[in-house]
Amino acid sequence: MKKIVSLVLITIFCYSFGQQKGQLRRVATIGFLNVENLWDTIASADYIDGTKDISNPAFHRSVPIDSLKHLETTEDYRGEWNDQLLKGKKVIRHQILADDFTPKSGKNWDTKKYRQKLDNEAKVISEMGAQYTKTAPAIVGLIEVENRQVVEDLVKHPTLAKYDYGIIHYNSYDARGIDVAVIYQKRRFTPTNSLKKEIKIFDEGKRSYTRDILVVTGFLDNEKIAVFMNHWPSRSGGEARSLPRRNAAAVVLKQQMDSVRALDPSTKLFAMGDFNDDPVSASLKNYLKAAWTPKDVNQDTPYLNLMYPLYKKGVASLAYQDAPNLFDQIIVSGNVISDKVGKDYSLYKAEIFAPPYLITKEGNFKGYPFRSWNGDKFTAGYSDHFPAFVVIQREAEPK
């Protein structure tokens, strides 16, 4: 099988901006990783209690299937799964993968393997950007988490516990039961608001469910920022057939980013995640209108895709059937870009994170990400995607 050379070379490629030598700086890492099906070992379902407020985690939560018999339900609901339509109702939604990650499944998913998976993801998170900041990221997005419990298990892991990460997570109506989440160091980031935005897509008139976009605003070291966590619809059915789904996601993301900018143009925006499209795809180029270079950022194209220069060099974050793609991207507002270190945070570096332990060493998939699964076999690997992060910098505060 042909080897993806560019994947092996990722570690030498990054997108860098200026800094003055010898200047004291304060730095922070913002990044994300696809944790490739971080599921606990308990079969679960979604329970929606529409008598609760939508912003209350109890409104939509993941519960063990064995406990369903103890929960009150109001009807055998057969309508569209939508927060607004479910107000006042108490209903259960079963997940496609509910039984896949259990000891009795073909994956033989047990506590030992789950703990190994937590070990792996905690290691990656702790090291993202650490070569530049000497610490773990201030903010981390997570893709493919089953529920809040697995995120809690992750932040309590001994490798991460010392950083005291807070959690922002909402259950989505994704058919497989996977969500996105954001964790943050409480001493550095103070969230002021969070919400989820549904991406409504239809296939032949029938609603198709995917992950929500998670929007988080707050203050990073007392500076206002917003994070938009994404996991756009896959290319299932082919790139061309599935493209309208991602175009729809791009429209929702742009609406949310534009809304935050309109409220306060000084807010620095970071949109990141697995977009299931490359930087040159129509969804990102034409619908989100993400520019490829700083000089192209303007009033009509206010956002910059930091991964385009890496894409142009042949860098990839994943590969499927020997076709490399850079689906894992970070897009920022123009006010993040500066060639000088000032009093406000600006971009220093954007990078696809691929240390040797994240790369498959041999076999047909040499050079690919060292994924956790080969069919139903747990490989003790990390993910089928390489993570991405940005390092931002500003002048150090006087002591």
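Biologist: What volume does the largest cavity have?
Modeller: The largest cavity comes to about 70 Å³, where a cavity is a set of 1 Å grid points, over the protein atoms alone, at which a 1.4 Å probe fits but cannot get out. Volume is the space filled by probe spheres set on points joined across faces, edges and corners. This is a predicted model, where local features need pLDDT of at least 70 and side-chain atom pairs 80 or more, while totals for chains, interfaces and linings use all residues. Numbering runs from 1 along each chain as its sequence is written, and side-chain values use heavy atoms, without hydrogens or water.

Biologist: Which residues line the largest cavity?
Modeller: Among them are Leu33, Asn34, Glu121, Val124, Phe370 and His385; lining means having an atom within 4 Å of a point. Strand 2 (25-38) and helix 2 (111-127) each supply at least two lining residues. Strands (E, at least two residues) and helices (H or I, at least four) are DSSP runs numbered from the N terminus.

Biologist: Switching to pockets, what's the volume of the largest pocket?
Modeller: About 1,400 Å³. Of its 50 lining residues, Glu36, Glu144, Tyr320, Arg371 and Asp384 are closest to the centre. A pocket is an open set with protein on both sides within 12 Å along at least five of seven lines.

Biologist: And which residues lie nearest the centre of the second largest pocket?
Modeller: His60, Arg61, Ser62, Arg148 and Asn171, out of 22 lining residues. Strand 4 (60-64) and helix 4 (148-155) each give two or more, and strand 4 gives the most, with 5.
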